Amino acid sequence: MSDLFDHRAVPLHRQIAGAEREVRQRERVYPRLVERGRMRPEMARDEIEAMKAIAATLKNIQTGKD
């Protein structure tokens, strides 16, 4: 179980891929949650935009390094 919490550095390209994957997941799931009344539309929009901003920030960092 301790392997799940290994704190080695995650390479930037994997962080970007994870953030982009999370954006796609949120774009699939959140509309259904809004439809079912389990999430407010504003919150869904804000959460998706926040994750998009994270992905963009990571990409900018990567570009600055390359």
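The model is predicted, so local features need pLDDT of at least 70 and side-chain atom pairs count only at pLDDT 80 or more, while totals for chains, interfaces and linings use all residues. Residues are numbered from 1 along each chain as its sequence is written, and side-chain values use heavy atoms, with hydrogens and water left out. The chain has two helices and zero strands; helices (H or I, at least four residues) and strands (E, at least two) are DSSP runs, numbered from the N terminus.

**Overall form**

- The radius of gyration, taken over C-alpha atoms, is 15 Å, well over the 11 Å that the globule rule gives for 66 residues, so the chain is more spread out than a compact globule. The globule rule is 2.2 Å times the number of residues to the power 0.38.
- Along its principal axes, the C-alpha trace spans about 40 × 35 × 15 Å.
- Contact means heavy atoms within 4.5 Å. Of the contacts with a separation of 6 or more, 65% are between residues 24 or more positions apart.

**Surface and charge**

- The chain has an accessible surface of about 5,500 Å² (Shrake-Rupley method, 1.4 Å probe), and carbon and sulfur atoms hold 52% of that surface.
- Buried residues (under 20% relative accessible area, 1.4 Å probe, protein chains only) make up 18% of the 66 residues.
- The chain carries 14 positive and 11 negative charges, whose mean positions are 3 Å apart. Lys and Arg count as positive and Asp and Glu as negative, without His and the chain ends; each charge is placed at NZ of Lys, CZ of Arg, CG of Asp or CD of Glu.

**Nonpolar core**

- The largest nonpolar core has seven residues: Leu12, Ile16, Ala19, Val23, Met51, Ala55 and Leu58. Such a core is a set of buried Ala, Val, Leu, Ile, Met, Phe, Trp, Tyr and Cys residues joined through side-chain atoms within 4.5 Å.
- Helix H1 (12-35) and helix H2 (41-65) each give two or more residues to this core, and H1 supplies the largest share, four residues.

**Selected residues** (contacts leave aside neighbours within four places in sequence)

- Ala55 lies in helix H2 and is buried at 6% relative accessible area. Ala55 is in contact with Ala19 and Glu20; the C-alpha atoms of Ala55 and Glu20 are 6.1 Å apart, although 35 residues separate them along the chain.
- Met51 is in contact with Ala19, Glu22, Val23 and Arg26.
- Arg26, in helix H1, counts as buried at 13% relative accessibility. Arg26 is in contact with Pro31, Glu47, Ile48 and Met51.

Methods. Buried means under 20% relative accessible area, exposed over 50%, partly exposed in between (1.4 Å probe, protein chains only).
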